[in-house]
Amino acid sequence: MTDLKRRVWEKSGELSTFEKEIVRFLFSNSKLCSHLSLAKLATKLYVSESSIFRLCKKIGLSGYSELRFELSDLAHERKINTIDIATEVENAIQEVLNYCSTLDLEKVFLDIEHANTIYLYSTGWSQELIARYLLHELFMIGKKVVMLPSAIEELKMVSKRATEGDMLFIVSYSGDNVQIRDEISKIQLINNKIITVSFTTLRPAKLVSLVDYSFFFRTLKLKKFWVEGDATIDSFSPAYTFIDLLIAKYYQWEQSKGELDNVDYDKE
């Protein structure tokens with residue numbers, strides 16, 4: 001953490017909402033602001049020069065010149081972090097490509113093709129975003145998709161609604177939710193015509209043992225540069241990459257199958 005971020009973090013309780021807005025702009029545009037004069041920055045922010053100078057003093061800086069120096073350091077740190085993140089993303093994409101190359105998708109593609117309805121169930125906000133992305137991609141290849149609310153009662157209704165060959169995709173971070181596992185077990189007993197698919201992180205998950213197909217994704221750990229310490233957030237970008245590959249491979253499979261069906265075997 002740069003000195004500037006530490007200073008702001010330590011004084012955050014003393015900053016007004018107005019001053020916090022200035023800080024957010026400075027952090028988001030550190031490279032640009034490090035090259036601006038006090039007058040030009042004040043004009044850009046629609047504030048007085050004295051407001052910026054008072055903010056400098058409040059966070060323990062000698063003046064605007066020191067603020068520009070600290071912003072230059074922050075821009076440099078950000079550049080290094082961006083390179084590191086880019087490397088992590090590149091590695092994650094390569095992992096997804098390698099993982100997809102090991103999968104035999106013929107059977108699941110046949111089930112997707114024959115399914116009248118595909119149900120999607122997720123267990124949290126980030127997982128719901130992934131499920132909605134999958135919904136869009138499945139819709140684009142002509143499938144009827146139903147997005148279930150993230151309530152266990154909705155999952156219970158699947159066994160009553162679904163017909164033979166329908167599919168249920170479950171997007172779960174850990175795959176270890178007891179209620180979901182219990183409901184999947186019941187669904188398999190009550191209506192064993194439903195084909196179940198789990199989509200979980202790369203960790204041992206008890207849900208995997210209950211479903212017909214299981215796919216995995218990992219998350220990227222991104223550091224929160226504005227928080228003291230080593231706080232991180234999870235990025236689910238590998239999951240979206242996997243979905244893109246899965247649908248692309250399905251489309252390719254469907255096209256190649258169609259070409260084989262149209263072959264005239266009476267001709268040499």
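This note goes through the predicted model point by point, from the whole chain down to single residues.

1. Basis of the model. The structure is a predicted model, in which local features need pLDDT of at least 70 and side-chain atom pairs count only at pLDDT 80 or more, while totals for chains, interfaces and linings use all residues. Residues are numbered from 1 along each chain as its sequence is written, and side-chain values use heavy atoms, with hydrogens and water left out.

2. Overall make-up. The secondary structure comes to 11 helices and seven strands, where helices (H or I, at least four residues) and strands (E, at least two) are DSSP runs numbered from the N terminus. Of the 268 residues, 40% count as buried; buried means under 20% relative accessible area, exposed over 50%, and partly exposed in between, with a 1.4 Å probe and protein chains only. Among contacts (heavy atoms within 4.5 Å) with a separation of 6 or more, 67% are between residues 24 or more positions apart.

3. The nonpolar cores. A nonpolar core is a set of buried Ala, Val, Leu, Ile, Met, Phe, Trp, Tyr and Cys residues joined through side-chain atoms within 4.5 Å. The largest one has 34 residues, and Leu120, Met167 and Phe199 touch the most other members. Helix 11 (residues 237-261) gives this core its largest share, eight residues. Another core, of 23 residues, lies apart from it and includes Val23, Cys56, Tyr64 and Leu74. As general background, nonpolar side chains tend to be buried together in soluble globular proteins.

4. Strand 3 and its partners. Five of the five residues of strand 3 are buried, so this strand is largely enclosed by the rest of the structure. Met167, Phe169 and Val171 point one way from strand 3, whereas Leu168 and Ile170 point the other way. Strand 3 runs parallel to strand 1, with five bridges joining them, and Tyr121 stands opposite Ile170; two strands count as paired if DSSP finds at least two bridges between them. Strand 3 also pairs in the parallel sense with strand 4 (residues 195-201), again over five bridges, and here Val171 stands opposite Phe199.

5. Phe199 and Phe242. Leaving aside residues up to four places away in sequence, Phe199 touches a list of residues that includes Ile130, Val171, Phe215 and Phe242. Phe242 is found in helix 11 and is buried, with a relative accessible area of 2%. Phe242 and Phe215 are 27 residues apart in sequence and 9.3 Å apart in space, C-alpha to C-alpha.

6. Helix 10. What is buried in helix 10, and how is it arranged? The buried residues are Ile180, Arg181, Glu183, Ile184 and Ile187. What covers the buried residues includes strand 1 (118-122), helix 9 (152-161) and strand 3 (167-171).

7. Helix 1. In helix 1 (residues 3-11), Leu4, Lys5 and Val8 are buried. These buried residues fall within an arc of 95 degrees when seen down the axis, so they line one face of helix 1.

Definitions and conventions
The arc is that of the directions from the helix axis to the C-beta atoms.
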